[in-house]
Amino acid sequence: MRGPELSRRALLTLAAAGASAVAFAPAARAEKVLVIEVGGTPEAVAVNSVTGFAYVSDPATGTIVVLDSRSGTVGAVIPVGGEPAGLAVDTVTNRVFVTNPPAGTVLVLDGLTNDVVSVVPAGPGASRIDIDEQANRIYAVSDFTGMLAIIDGVGCRLLKLVPGPTSGLSSIAVDGGRKLAHCTSPTTDSLEIFDIGAEKFTGGVKVGKAPTGVTVHRGSGTAFVANSAIHHLSVVDVGARKEKATVLLRSESSAIAMHQGTNTVYANGGANGVARIDGVTNLLTGDLSLGVNPGAVAIDQRSKAVYVTDPLHGRVSLIRDF
């Protein structure tokens, strides 16, 4: 009787050791990490990979800070008022869309002139936003009501408000090719799927505890979810509607970004820094320490530069070759 018991324990020990080896990859290096002082409390960040400009929202000052990735400096500060939160950039039209949750609106900025060209109603608490560039449609979700707003990016007008299946949706990632939007729901620990063509939610997938950030690989349709109350990412097979894998991180993660060409995921779940995950093997491939607890994460699809906000110190890290 004792022999089999020891064997089971040995197997469990080996399995745990293997999991630790996979999860806690060696510390990674980046060719260059440039810290840019932006002041305030930078919240979200989005990048126009065509122009090379990044946009950072600051709800404390009611401004959008424009960063020039070529020089690594602040290019402009745009006063928009309110408490700007979520950001999305349309690289085709060179427009920037900014949510203002207290007002329930989306501001539209001209990326060439930095002017506010329109303010669109998007429902109470509209906070996170993403774009279907193929159809020029903008989708904003509310973590206050769970509503999803559909906005015409050409006419800058609200087309429809769709009630969500849960009381709050914290983030959204659009897969324009498959006509799907993926929305995280922290209250139900699920990823809720929105059918863009049918304009309705079609079901959810259970993920980790308190999912907050989400991104999708447009080539495979796989969604990656940052769970803010547990030390792992959820990898979701959207077609099969199931969580197919988890990736153990050093800390909880709330923000996530995907480099589409290499299928590489970056999340703020490193040891006071950023974690890098191979989106094909679902393995943690490196941790880059920044010495701070990072906020939002974004990536330039052309240069592969990674942007990470530091709300506590009013900074943004521009990371190259990571």
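Helices (H or I, at least four residues) and strands (E, at least two) are DSSP runs, numbered from the N terminus, and two strands count as paired if DSSP finds at least two bridges between them. Within this pair, Ala-226 sits opposite Leu-233 of β20.

Before going on, the ground rules. This is a predicted model, where local features need pLDDT of at least 70 and side-chain atom pairs count only at pLDDT 80 or more, while totals for chains, interfaces and linings use all residues. Residues are numbered from 1 along each chain as its sequence is written, and side-chain values use heavy atoms, with hydrogens and water left out.

Back to the sheet. Four strands make up an open, antiparallel sheet, ordered β18-β19-β20-β21. At the edges are β18 (211-216) and β21 (242-248), each pairing on one side only. From one strand to the next, the twist averages 25°; axes here are lines fitted to C-alpha atoms, for helices over the stretch in contact, with angles from 0 to 180 degrees between N-to-C directions.

Now the aromatics. Rings of Phe, Tyr and Trp (its six-membered ring) pair if their centres lie within 6.5 Å; planes under 30 degrees apart are stacked, over 60 edge-to-face, the rest tilted. Searching the whole structure gives three aromatic pairs. Phe-194 and Phe-201 have ring centres 5.0 Å apart and planes at 65°, so they are edge-to-face. Ring pairs join Tyr-139, Phe-194 and Phe-201 into a cluster.

How accessible is Phe-194? Its relative accessibility is 0%, so Phe-194 is buried. Phe-201, at 16%, is buried as well. Buried means under 20% relative accessible area, exposed over 50%, partly exposed in between (1.4 Å probe, protein chains only).
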